[in-house]
Amino acid sequence: MTKYLMLKHYRGGPEQRPNAVQPMDRWTPQEVSDHIAFMDHVIDVLTERGEFVDAQALSPEGTFVRFDGEGRPPVTDGPFAETKDVIAGWMIIDVDSTERAHEAAAFLSSAPGPGGLPLEEWIEVRPLLQDAPAGAE
């Protein structure tokens, strides 16, 4: 089994689907409830299969910070201030293959949005490093 991180991009990816463009704060309360209920359903299905590890939703607000000398951390608004890409949340799964990780990501991407239509948002799938790199012991 390999663990994968699935990043739920609010905006981003090779192309945009019309239903994924409207920010969630413009959805009706029922559309938000339906979306959250679907996310819970995805977690339930993955848990039943023994594949769910963890998940968290993220706030759209954030900052970038980096080391710039002692006592001088530069802070910028963000996240993703230049690309306008926002990570809405993440999920970690533990599955048998990359193909299965892609299937789970496609299922996650089918979450309903405005009008109950699937968002078809891009889900970034990345394997977690399982072993420490050579020499990092």
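User: Let's start with Phe-38. What makes this residue buried or exposed?

Analyst: In this predicted model, Phe-38 has a relative accessible area of 15%. Buried means under 20%, so Phe-38 counts as buried.

User: And Phe-107, why is that one called partly exposed?

Analyst: Its relative accessibility comes to 26%. The partly exposed class sits between under 20% for buried and over 50% for exposed, so Phe-107 falls into that middle class.

User: How many aromatic pairs does the count come to?

Analyst: The count is one aromatic pair. The partners are Phe-38 and Phe-107, with ring centres 5.4 Å apart. Centres have to lie within 6.5 Å, so these two rings qualify.

User: What makes the pair of Phe-38 and Phe-107 edge-to-face?

Analyst: That comes down to the angle. The ring planes of Phe-38 and Phe-107 stand at 75 degrees, and over 60 counts as edge-to-face, so that is the name the pair gets.

User: Which parts of the chain does the pair tie together?

Analyst: Phe-38 belongs to helix H1 (residues 29–48), while Phe-107 belongs to helix H2 (residues 98–109). The two parts are 69 residues apart in sequence.

User: Where do helices come in the pattern of the chain?

Analyst: The chain has two helices and six strands. Going along the sequence, the order is β-α-β-β-β-β-α-β.

User: Over to Met-91. How do you know whether this residue is buried or exposed?

Analyst: Met-91 has a relative accessible area of 3%. The limit for buried is under 20%, so Met-91 is buried. You'll find Met-91 in strand S5 (residues 86–95).

User: What is Met-91 in contact with, leaving aside neighbours within four places in sequence?

Analyst: Its contacts include Tyr-4, Leu-5 and Met-6, along with Val-42, Ile-43 and Leu-46. Leu-108 is also among them. A contact needs heavy atoms within 4.5 Å.

User: Which elements have the highest and lowest mean pLDDT?

Analyst: H1 has the highest, at 96, and strand S4 (residues 75–78) has the lowest, at 60. Across the chain the average is 82, and 75% of the residues score at least 70.

How values were computed:
Residues are numbered from 1 along each chain as its sequence is written. This is a predicted model: local features need pLDDT of at least 70, side-chain atom pairs count only at pLDDT 80 or more; totals for chains, interfaces and linings use all residues. Side-chain values use heavy atoms; hydrogens and water are left out. Helices (H or I, at least four residues) and strands (E, at least two) are DSSP runs, numbered from the N terminus. Rings of Phe, Tyr and Trp (its six-membered ring) pair if their centres lie within 6.5 Å; planes under 30 degrees apart count as stacked, over 60 as edge-to-face and the rest as tilted. Buried means under 20% relative accessible area, exposed over 50%, partly exposed in between (1.4 Å probe, protein chains only). pLDDT is the predictor's confidence in each residue, from 0 to 100.
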